[in-house]
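Let's walk through this structure together, starting from a database record and working out to the ligand.

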Amino acid sequence: MSDLRQRALDYHAKPTPGKIRVELSKPAESVDDLALAYSPGVAEPVKEIADDPAAAYQYTAKGNLVAVISNGTAILGLGNLGPLASKPVMEGKAFLFKRFAGLDAIDIEVKHRTTEEFINTVANIADTFGGINLEDIKAPECFEIERALVERCKVPVFHDDQHGTAIVTAAGMLNALEIQGKNLEDAKIVCLGAGAAAVACMELLIKCGAQRERIYMLDRKGVIHTRRDDLTEHKMLFANNTDKRTLDDVMEGADIFVGVSGPDLLPPETLALMAPNPIVFACSNPDPEIRPELAHEIRDDLIMATGRSDYPNQVNNVLCFPFIFRGALDVRASQINDEMKVAAVEAIRAVSKEPVPEEVLKASKSDSLVFGKEYIIPKPMDPRLCSRIATAVAKAAIESGVAGLETPPDYA
Ligand SMILES: NC(=O)C1=CN([C@@H]2O[C@H](COP(=O)(O)OP(=O)(O)OC[C@H]3O[C@@H](n4cnc5c(N)ncnc54)[C@H](OP(=O)(O)O)[C@@H]3O)[C@@H](O)[C@H]2O)C=CC1
Ligand SMILES: CC(=O)C(=O)O
Ligand SMILES: [Mg+2]
């Protein structure tokens with residue numbers, strides 16, 4: 001058994017199983033405390049909320065509470081292993097919400113037969129929470145699920161694997177292009193994977209300037225092109241009018257590779273085909289499409305990122321979801337719209353270019369982190385991220401008319 005495997009199992013098992021717990025936020029020592037917290041006192045906020053649902057934000061934990069909800073159909077890059085097996089990842093997301101943004105989060109793993117049943121389950125419990133973070137739900141069902149829930153829920157619903165990943169990818173990509181002296185408008189882009197993360201990443205890159213016809217997306221059957229008759233609605237958006245069929249065909253002269261597919265799917269000889277100064281985001285977790293050591297052996301001119309914490313340039317949605325929800329909840333946004341997503345991209349980019357606090361260097365076991373090939377994006381433990389991203393997102397929510405409150409909080 002590898003050292004990391006045993007350490008990871010021990011970390012999850014000891015001294016208490018799991019990574020999160022519930023704690024009390026009010027006194028519960030005396031009979032008087034209980035008379036306020038429970039019967040008879042609890043009846044008073046009940047009546048207030050029955051009269052005005054918005055009072056739930058004043059008298060309950062709703063406004064600081066996020067549900068992390070999965071059906072376990074696309075657990076990281078491990079595939080469809082079912083709801084219960086997704087629990088460590090969902091507890092992990094809750095853990096990150098608390099650690100980085102002070103948000104209380106609870107994981108909910110849903111067993112269901114039909115997509116409609118899943119949608120109904122989530123819609124029926126949504127009012128309990130300030131926001132809903134959907135996680136590790138595979139394509140194409142994730143698209144219908146998110147659309148239906150955004151429509152039915154009064155609180156923000158956000159599929160992290162789509163939009164969290166896209167926001168962090170766009171921020172890292174724009175920075176990497178700047179360092180490599182390239183621009184998104186002219187870049188030839190290869191996206192390996194055509195699921196939740198792939199579709200959202202490419203759509204956001206297009207919003208940032210990428211040309212749709214210069215994007216080559218691949219699924220298990222190869223390049224997605226206009227003569228295929230097996231494409232889902234979302235894959236169809238990326239059908240390229242091309243004779244190219246394989247990963248090698250499209251990687252010839254490519255500037256950008258985004259991997260959101262599975263482990264070890266980018267062979268070194270294929271990486272060698274890319275244009276000078278390429279950018280490789282091998283984002284599959286836990287094992288990337290190509291290992292950084294191998295990629296650097298093949299190319300000394302590339303910028304390399306993975307989804308992992310143990311290599312430079314971690315392009316991972318952890319840089320987004322805690323903070324975008326912090327901003328959204330703090331102004332009681334009814335949704336997380338494009339304006340809020342773009343504000344998050346710009347805030348992440350800006351932090352990457354500023355001097356890194358000593359505590360981040362220490363936590364990263366680094367002597368120096370300076371904007372460049374090995375530091376295109378901030379570290380998740382950077383304490384500036386929460387205030388900077390949440391403020392930008394809250395302001396964007398107010399300006400775009402989806403906020404329930406008119407003033408963003410002062411995080412300083
Ligand atoms: N770093 C980060 O922050 C994030 C990384 N990811 C990673 O992205 C990956 C996909 O996640 P997600 O989009 O949620 O999952 P989905 O199940 O929605 O999509 C998976 C996609 O990968 C494709 N794929 C799988 N195996 C291959 C293969 N051998 N060759 C080509 N394509 C392949 C599938 O093809 P087909 O359509 O033919 O089935 C599908 O299009 C995972 O590895 C995950 O860890 C996801 C979110 C965040
Ligand atoms: C990071 C993440 O959400 C994933 O790999 O699915
Ligand atoms: Mg995920």
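A quick word before the record: UniProt positions are given here in the numbering used for this chain, and such annotations may be inferred rather than shown by experiment. Also keep in mind that what you're looking at is a predicted model.

With that said, the unreviewed UniProt entry lists N285 and N316 under "binding site". They span 32 residues in sequence, but no two of their C-alpha atoms are more than 9.2 Å apart, so they gather at one spot.

Take N285 to begin with. You'll find N285 in the loop that runs between strand 9 (279–282) and helix 13 (292–298). Setting aside residues up to four places away in sequence, N285 touches L76, G77, G307 and R308.

Now over to N316, which sits in the loop between strand 10 (303–306) and helix 14 (321–330). N316 has 23 other C-beta atoms within 10 Å, so this one is buried. Beyond its neighbours within four places in sequence, N316 contacts V168 and G307.

What about ligand 1? There are 28 residues around it, and G77, G195, D219, S284 and G307 come nearest. Helix 8 (160–180), helix 9 (196–207) and strand 6 (215–219) each supply at least two residues of the shell, with helix 9 giving the largest share, three residues. By class, the shell has 13 nonpolar, eleven polar and four charged residues.

And where does ligand 1 lie relative to the domains? Domain 1 (12–155) and domain 2 (163–306) both give residues to its shell, so ligand 1 lies between them.

Note on methods: Residues numbered from 1 in each chain as written. Chains lettered and ligands numbered in written order. Predicted model: local features only at pLDDT ≥ 70, side-chain atom pairs only at ≥ 80, totals over all residues. Near = placed C-beta within 6 Å. Helix = DSSP H or I, 4+ residues; strand = E, 2+ residues; numbered from the N terminus. Nonpolar A, V, L, I, M, F, W, Y, C, P; charged D, E, K, R; others polar. Domains from an automatic or database assignment. Contact = placed C-beta atoms within 7 Å. Buried ≥ 20, exposed ≤ 12 C-beta atoms within 10 Å, placed from the backbone.
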